[in-house]
Amino acid sequence: MVQLLNTISTQYQQQLPFVIYRKPNEKGVSAFLMRDADLTFTTNFQEKGFVFAPFSDSEKAILFREDQADFVSEELLTSAYNFKNIELESFNVSKEKYLKTVEKAIDQIISGHLKKVVISREELVSVDNFSVIEIYEKLLLTYKNAFVYAWFHPKVGLWFGATPETLLSINGTDFRTMSLAGTQVYKEHEKAVWKSKELEEQQLVTTFIEQQLATVATNLEVEKRETIKAGNLLHLRTKVSGSLKAPASLKELIRVLHPTPAICGLPREAARNFIFENEKYDRSFYTGFLGELNLQHSKEQSKTSALFVNLRCMKIKNKFASVYVGGGITRDSDAEKEWEETVLKTKTMKCAL
């Protein structure tokens, strides 16, 4: 992998777009190395390449076209790092503002306007000196069961992420997705015990996905709920699979799922409006989605797509890292505990800085 990492470093120095990524639990990394710095978008998701889509579906999704890139895959070989708990100086952190927004959300839920809403925030961290390669390797080592990426375009910025959530995995007309919700700290040798708040939140997401997919899919299968580990955190996950009904398209499948209640809320439109009116910052590509789009490695194979929700991510610009975190709010939420959960989640990215 050394050769690929060196190539990525050269791309960044030359201000040429790229994405390097590793799928969950895989041993290899792949990269799209763009040949020029043109900015290309997709609206119908029919092209081949790598897509990077924002949270708001009113904004365009960026596409690294396969025919405009060099595609490279290599075996994963990483260096060893000694991780230290370093307190990084954070800026633009308003606990009071976050608590007020969460409390307002709880009031809206109790009054019956919402069932759930995801409230997020942005935390700025000073990063005067950093290495794209070192940050990426640290994320690879720490989050082996996540989709780990570094994405760059000179007209957009530099993004890193280690997300545990699949939006869609598609092979031909067959697809897999998941509902992911609930968070607690992983404690070695201790069995996870989930409270009613987390269990309810996760069930809301699962039910939403089943109902949404009924309009465009058939042969739906919902597996048993399970606990998964992502870095130092645990989450509840339910896997869902099915087949796309004709004549439904990949775009329709994406739109019925994104944004899921795991990153937006329920009812979806009311939760989205609450977020836009109350978060008071631009999520940008945080809680959007990204991944391979319509790749076909041979004529005999079906087109495959692998799309992931952009969680546990950060953007680096002008010597600052914007670390994005959030949490699902229900009627049983406690504002102070929700704040503490976001603090835990920032450590995913901060450990790599």
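Predicted model: local features only at pLDDT ≥ 70, side-chain atom pairs only at ≥ 80, totals over all residues.
Residues are numbered from 1 along each chain as its sequence is written, and side-chain values use heavy atoms, with hydrogens and water left out.

View 1. Two or more lining residues come from each of β8 (116-126), β12 (174-185), α4 (196-213), β20 and α7 (335-350). Helices (H or I, at least four residues) and strands (E, at least two) are DSSP runs, numbered from the N terminus.

**View 2. An edge-to-face pair, F52 and Y149.** The ring centres lie 6.2 Å apart, with 65° between the planes. Rings of Phe, Tyr and Trp (its six-membered ring) pair if their centres lie within 6.5 Å; planes under 30 degrees apart count as stacked, over 60 as edge-to-face and the rest as tilted. F52 belongs to strand β4 (residues 49-53) and Y149 to strand β9 (residues 147-153), so this pair ties together parts that are 97 residues apart in sequence. F52 is buried at 0% relative accessibility, and Y149 is buried with a relative accessible area of 0%. Buried means under 20% relative accessible area, exposed over 50%, and partly exposed in between (1.4 Å probe, protein chains only). The model holds 21 aromatic pairs by this rule.

**View 3. A stacked pair, Y286 and Y324.** With centres 5.4 Å apart and planes at 15°, these two rings count as stacked. Y286 sits in the loop between α6 (268-278) and β17 (289-295), while Y324 is part of strand β20 (residues 320-329), so the pair links parts that are 38 residues apart in sequence. Y286 is buried at 4% relative accessible area, and Y324 is buried at 2%.

**View 4. T287 and its contacts.** T287 is found in the loop between α6 and β17. Its relative accessible area is 1%, and it is buried. Leaving aside neighbours within four places in sequence, T287 is in contact (heavy atoms within 4.5 Å) with F55, H258, I263, V309, N310 and L311.

**View 5. Charges over rings.** The charged end of R121 sits over the ring of Y98, 6.0 Å from its centre. Likewise, the charged end of K229 sits over the ring of Y186, 4.8 Å from its centre. The rule asks for NZ of Lys or CZ of Arg within 6 Å of the ring centre and within 35 degrees of the ring normal.

**View 6. The largest nonpolar core.** A nonpolar core is a set of buried Ala, Val, Leu, Ile, Met, Phe, Trp, Tyr and Cys residues joined through side-chain atoms within 4.5 Å. Of the 72 residues in this core, F50, V117, Y149, W151, L168, L213 and L253 touch the most other members. Helix α2 (residues 95-110) gives the most to this core, with 6 residues. Not counting residues up to four places away in sequence, W151 touches F18, V19, F50, F52, I62, F64, V156, G157, L158 and W159. A second, separate core of 30 residues includes I8, F160, A321 and A352.

**View 7. Two cis peptide bonds.** A cis peptide bond joins A246 and P247, with omega about 5°; P247 lies in the loop between β15 (233-244) and α5 (250-257). The bond from H258 to P259 is cis as well, with omega near -5°, and P259 is found in the loop between α5 and β16 (265-266).

**View 8. Positive phi at F45 and H189.** F45 is not a glycine, yet its phi is positive at about 60°. F45 lies in the loop between β3 (41-42) and β4 and is buried at 1% relative accessibility. H189, also not a glycine, has a positive phi of about 70°. H189 lies in the loop between β12 and α4 and is exposed, with a relative accessible area of 78%.
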